[in-house]
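Thanks, everyone. I have one model to go through this morning, and I will keep it short. Please look at the structure while I talk.

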Amino acid sequence: MPFPDLSQKAMERFVALLPSDLRLIVMADRKTSRTPGSAYLSAARSCSPQDVPELCRAHPEDVRLMGRARRLRILAWLAGQPDNRTLFVDLQKERDIGTGDRAGNGQSVPQLFRDDITAFSGAVAPRVAGAFLSRNVLAEARRAAMEIAVERHVPEAPSAGPDNGTDNSPSTGASPGALSAAAGDKR
């Protein structure tokens, strides 16, 4: 798989495909981002995935100025490569101090990528949580917890969610304590 196209046109197409909440995060620095310099781009077109971390460290100002959207495209490309864990670990390695891997704003290349991952994760987290914590899933989890509480004769069944005046007892209508007492639980 070739290195991703980081041209302005390609990035506009990429960003247009994103949902609006992710687009805001990805384009946070759009006013200052630009296509990387020709030295970076020509080296990138012919490099292997294993060469990308060193290429980025060799061109810190291009990496900073390319902006979050382009850096996330690079990260996505690296994630699709075999042995991507090694590539991410290598991308996070800091050079020895004084070797010039810092962008004009003083941030190291690994820090720029970490900041991008953190920002993207923060934008994606509500979507992931929402997929797991729908109202139906919470209701089913509550029902299952109540059944387990009854089976184990737990005196107080857990309540999921805020107290909104709903009956938290099992479907029998009896309280968990009454069910425990009926089952012979002696406290």
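Let me begin with a definition: a disulfide here is a pair of cysteine sulfur atoms within 2.5 Å. Searching the whole structure for such pairs turns up zero disulfides. Cys47, for one, is in no disulfide, and the nearest cysteine sulfur, in Cys56, is 8.1 Å away. Cys47 has a relative accessible area of 16%, and Cys56 has 0%.

Some housekeeping. This is a predicted model, where local features need pLDDT of at least 70, side-chain atom pairs count only at pLDDT 80 or more, and totals for chains, interfaces and linings use all residues. Residues are numbered from 1 along each chain as its sequence is written, and side-chain values use heavy atoms, with hydrogens and water left out.

On confidence: pLDDT is the predictor's confidence in each residue, from 0 to 100. The protein chain has a mean pLDDT of 78, with 75% of its residues at 70 or more. Residues 161–187 have pLDDT below 50, and beyond near neighbours in sequence this stretch makes 29 contacts in the model. Contact means heavy atoms within 4.5 Å.

Now the helices, which are DSSP runs of H or I with at least four residues, numbered from the N terminus. Helix 5, residues 60–79, packs on helix 7, residues 109–132, at about 35°, with the axes 10 Å apart. Axes are lines fitted to C-alpha atoms over the stretch in contact, and angles run from 0 to 180 degrees between N-to-C directions. From helix 5, the residues that meet helix 7 include Arg68, Arg71 and Leu72; the helix 7 side includes Phe113, Asp116 and Phe120.

What does Asp116 touch, leaving aside neighbours within four places in sequence? Asp116 is in contact with Arg68, Arg71 and Leu72. This aspartate lies in helix 7 and is buried, at 0% relative accessibility.

Helix 5 also packs against helix 6, residues 84–91, at about 145°, with axes 8 Å apart. Here Leu75, Leu78 and Ala79 of helix 5 meet Asn84, Leu87, Phe88 and Leu91 of helix 6.

Notes. Helix = DSSP H or I, 4+ residues; strand = E, 2+ residues; numbered from the N terminus. Buried < 20%, exposed > 50% of the residue type's maximum accessible area, 1.4 Å probe, protein only.
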